[in-house]
Amino acid sequence: MSTRIDPEISPDAGLAAADQAVLEIEDVDIVYRTSGGPLHTVRDVSLRIARGESYGLVGESGSGKTTLARGAVRFLPSNGSVTKGRVRLSGTDLLGASQNEMRKLWGARIGMVHQDPSAAVNPAMRVGNQLDEMGRTHLGMSKAQARVKSLEMLNRVGMPDPEAVVERYAHQLSGGMLQRVLIASALTTDPELLIMDEPTTALDVTTEAVILDLVQELLGSVRHAVLFITHNLGVVARVCDTVGVMYAGEVVEEGPVKTVFKQPLHPYTVGLLGAVPRLTAGKADLELVAIPGFIPRPDALPPGCIFAPRCPMVIDECRAARPQLVDVGPGQRSSCIRWVDVPEEAERPRPVRDTSGESFSGYGRELLEVRDLKKYFKGRGAGKGRSAAVKAVDGISARVTEGFTLGIVGESGCGKTTFIRCVSGLEEPTAGEVLLQGNKLAPSVTDRPYDALKKIQMVFQNPDVSLNPQRTVGDIIARPVQQLGAVPKAEVPQRVAELLQAVHLPQAYAARLPQELSGGEKQRVAIARAFAAEPALVICDEPISSLDVSVQASLLNLLAELQRSAGTSYVFVSHDLAAVRHISDWIAVVYLGRLWEVGPTARIFEPPLHPYTEALLSAIPIADPEIERERVRLTGSVPSAVNIPSGCRFHTRCPRKIGDICEREEPPWRDGKKDHSICCHIPLAELAASQRHALDGMYGSADAVGSAAPAPADTGVGDAEGSSTGSDTGAEVGPDTGAEAGSGRGGS
Amino acid sequence: MLRYLLRRLGLIILTVLAASLIIFAITQFLPGDVARLIVGQFATEQAVENVRVELGLDKPIHIQYLNWLGGFVTGDWGQSLTSRVPVRPLVFDRLWNSSWLAFLALLFYVPLGIFLGVLAALRRDKPSDSVITAFGMTFAGIPEFVTGLVLISVFAFGFKWLPANSSIAPGATFWEALPQLILPAITVSLVSLGYITRMTRASTVKVMDADYTRAAYLKGLPRYQVLLKHVLRNSLLPTVTVIFMGIGWLIGGLIVTEQVFGYPGLGRLIVGAVQKQDLPLIQASSMVVVTVFAISNLIADLLYVVLNPRIRLQ
């Protein structure tokens with residue numbers, strides 16, 4: 001289950017190949033012709049990738065990564081062209097090649113893996129036929145030969161049951177399986193250059209981990225040159241040898257992954273690394289460093305250094321002339337003229353809030369209580385015509401007090417979104433109750449009084465669709481102020497102005513339409529709208545998932561800030577454990593409609609862990625190439641909520657399954673230290689013992705977890721108590737007094 | 001799949017039943033007394049009454065409806081009031097003629113429309129695209145009686161290649177009737193051509209921009225292979241549906257074109273029947289048109305399912 005790959009497989013091969021550049025890009029400019037004039041989207045970019053080298057190209061969206069890759073292989077939209085420079089593939093000039101010559105290179109010598117696997121596979125063609133095309137077109141194979149080759153390739157990428165898979169259509173395969181198909185397809189011809197454009201971005205974190213393992217394994221065995229495009233620094237740290245950081249169409253820093261991540265010498269790289277939430281610190285300990293401002297448009301570049309307007313260490317000379325990439329260390333280049341000073345600046349203490357010890361300062365008055373919530377959807381089952389219930393949420397209880405954040409994590413399809421939709425009244429639960437400040441709420445939002453609506457507000461995942469495109473930002477925010485806020489009409493503009501200020505948007509934005517705003521700004525408007533009614537509880541459904549890292553950081557900071565000033569509670573749903581860790585006081589881990597582990601945030605991140613939590617944690621790619629981790633991988637995807645596995649629902653994928661008991665009996669809740677509970681057949685002490693070693697590596701040495709892991713003695717008590725009860729009623733999550741927690745679950 | 005098929009079939013039957021109710025209701029409100037129409041203005045009241053009883057017109061309205069519907073289903077469509085011949089052979093004769101015209105028109109405009117649509121999509125935003133789109137729009141906008149008359153004056157009176165009158169003789173075979181079918185078929189085609197072209201262009205453009213098409217190009221597949229295997233298979237789906245939904249219109253809706261060419265199709269039959277208040281004929285031919293509409297819609301739906309694995313295999 002754990003595949004360990006030595007990152008330095010045969011270093012001699014790497015050295016010997018170093019001179020053999022597979023892809024050479026020299027001084028390339030790429031221009032798009034638009035109605036508003038030419039856009040110089042990529043400027044003066046040079047990079048080379050040697051045989052066996054994996055080059056990671058990172059940067060925020062809009063930095064020109066994909067354009068560069070497409071331009072290099074001559075696959076730009078018709079209004080784009082490479083206007084300057086040279087591109088060579090093992091000596092072959094690509095820019096001078098005709099379309100026909102390029103077509104012969106595509107697929108044969110250049111392999112491509114695309115971002116969204118479910119969109120990159122033709123929905124109307126069997127997967128096998130699509131795979132066979134590679135062998136038939138490039139290797140001159142007959143239909144039968146090509147099929148043999150396709151099956152062999154599927155085996156190589158670890159596809160279970162290839163014979164069945166080739167007969168399927170795209171919609172019958174999961175995202176992870178489709179990405180395997182695409183990787184198999186790209187590798188069929190054993191191309192010299194493999195371009196992977198955000199190959200795991202569209203996947204769940206657990207699937208991403210498995211695909212990254214595969215990529216790493218394949219890269220170890222095959223001597224391709226790889227261009228790996230991603231916005232995720234953790235992914236680069238895991239699979240790449242070299243990293244190039246792109247910003248607004250230029251490479252601003254480049255070098256070996258280990259060097260650059262250890263000592264970045266460009267402020268932008270420092271900023272990107274600082275913006276990533278850590279698994280080791282929460283909002284109380286650490287403010288994330290967001291990079292202020294946005295990427296400039298290619299037609300509105302600042303004079304001098306393009307990063308100067310957003311740079312914390314800018315000086316007058318930066319604005320004078322466009323800096324060049326200069327060698328700053330072995331293999332490392334930076335375009336910052338103050339690169340010598342960067343390490344010192346980066347070392348500057350990050351804004352740490354002094355809350356020593358009191359990371360969670362006790363519980364306020366109870367705000368929200370959810371009792372044994374269930375939501376079954378009617379669905380047609382796999383069986384012939386029989387309809388079976390889809391048990392999306394199958395008994396979840398929760399409590400939220402004032403000024404408190406409950407984080408809910410789980411893979412997609414685990415029921416977390418359905419749960420909060422039921423809480424907010426957007427879905428009517430099948431069973432269970434939602435109580436707000438002790439009063440039972442109507443199941444449907446349309447039946448709830450204005451006062452209840454005002455107190456519970458939502459922030460949705462995608463601000464592009466949650467903001468009305470026809471209304472100005474001012475109108476969008478003013479509406480809940482008027483409708484729910486009971487503010488006299490004359491004071492509405494004043495209140496809107498305050499809200500804009502609270503989410504750090506300029507006042508002038510009130511007159512703009514959502515389409516004129518960036519993704520992060522739109523989400524700020526959505527947050528301002530949620531806060532307009534002065535709610536007691538804001539439910540955030542993956543509020544930062546569709547945004548860039550640096551923007552994510554600033555939004556997490558904003559949410560934390562608003563909570564401090566307004567005392568609002570959050571229910572924060574995400575698949576991103578690091579983000580949840582950052583913002584939450586309590587965390588609930590959800591799988592197949594039930595809770596499996598609940599507790600104060602710090603407890604969730606130290607042993608004992610539920611095996612599912614352990615797998616989720618292990619799956620996160622961490623932006624530190626030095627960290628080597630024991631890997632816990634989940635096989636397959638979340639089972640359908642129609643045919644829920646017997647016994648422990650997680651047993652089909654559990655890496656720590658202990659035997660028949662897991663399939664037969666529902667596991668008991670076991671209470672650990674300080675309100676921490678886990679639902680598992682394995683006693684907590686045993687879990688803790690087997691996990692302690694694994695977790696040592698997880699966080700790295702620098703940011704060791706503050707408090708010690710709970711002593712086995714503590715958990716022992718919990719075991720005795722917890723084991724005595726079953727969990728038919730589902731667990732409860734939320735801040736209870738210790739006594740209540742004990743009686744709620746452990747008591748008879 | 002079978003479940004789906006049965007459900008669709010049930011819906012179709014419901015549709016036709018609902019239409020039958022409407023048709024029957026409308027014919028009830030038509031001015032004039034059927035019995036009086038049959039026996040003539042100068043017949044005695046008694047004679048009229050006799051005919052009423054004979055036709056069942058003295059019975060309550062719902063019994064009349066059920067009798068009529070039962071007759072229609074069992075094939076007893078009654079007698080035409082004006083020509084005193086059984087309605088059924090008359091309607092089927094015209095339906096047959098209409099099918100020929102529809103078939104020939106489809107043969108013209110479907111391949112041509114798809115071809116032009118794909119061509120326009122491939123040459124997106126280039127002059128040929130604009131020309132194709134502009135012509136399609138123009139022809140779709142010109143009424144059939146204008147194109148019909150222009151075609152007649154050019155090809156029938158000018159070049160004398162084809163007959164101006166399309167009143168084909170009863171009992172003529174398809175090949176004998178072919179010269180008379182060509183001009184009306186072209187007239188009908190020109191209206192639908194623009195529509196099919198635009199549909200095809202739009203869906204092809206969308207599919208050309210899809211990730212899987214890009215992926216197919218970047219696999220290094222030859223252009224024609226990308227087009228045939230990856231693009232068309234997906235982009236023609238909506239077009240196929242539209243084509244089949246158009247069949248109902250081709251069978252029962254060509255009133256103007258048939259009038260211009262004097263073509264003995266179903267459309268003209270209905271118009272004539274309405275003018276002469278020939279109730280059994282109106283009812284029967286309307287029901288046939290409704291049934292054709294329903295069946296071609298059903299076929300369109302089923303084809304969509306068969307051609308689309310995402311639905312087929314669910």
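Reader: How many helices and strands are there in chain A?
Author: This is a predicted model, in which local features need pLDDT of at least 70 and side-chain atom pairs count only at pLDDT 80 or more, while totals for chains, interfaces and linings use all residues. Residues are numbered from 1 along each chain as its sequence is written, and chains are lettered from A and ligands numbered from 1 in the order in which they are written. Helices (H or I, at least four residues) and strands (E, at least two) are DSSP runs, numbered from the N terminus. Counted in this way, chain A has 27 helices and 25 strands.

Reader: What percentage of the 748 residues in chain A is buried?
Author: A residue is buried if 20 or more other C-beta atoms lie within 10 Å of its own, exposed if 12 or fewer, and partly exposed in between, with C-beta atoms placed from the backbone. By that rule, the buried part of the 748 residues in chain A is 52%.

Reader: Why is helix 19 of chain A described as largely enclosed by the rest of the structure?
Author: The end C-alpha atoms of helix 19 (residues 519-532) of chain A are 20 Å apart, which agrees with the 20 Å that its 14 residues should span at 1.5 Å a residue, where the expected span is 1.5 Å times one less than the number of residues. Helix 19 of chain A is largely enclosed because, of its 14 residues, the number buried is 13.

Reader: What is the strand order of the open sheet of 4 strands in chain A?
Author: Two strands pair if DSSP finds at least two bridges between them, and in this sheet the pairing is antiparallel. Strand 2 (37-50) and strand 5 (92-93) of chain A are the edge strands, each pairing on one side only, whereas strand 1 (residues 21-34) of chain A is joined to strand 4 (residues 80-89) of chain A by 8 bridges. The order of the sheet in chain A is therefore written as 2-1-4-5.

Reader: Which element gives the most to the side of chain B that touches chain A?
Author: Two residues are in contact if their C-beta atoms, placed from the backbone, lie within 7 Å, and 18 residues of chain B are in contact with 24 residues of chain A. The elements of chain B that give two or more residues to this side are helix 9 (211-218), helix 10 (223-252) and helix 14 (309-312). With 5 residues, the element that gives the most is helix 9 of chain B.
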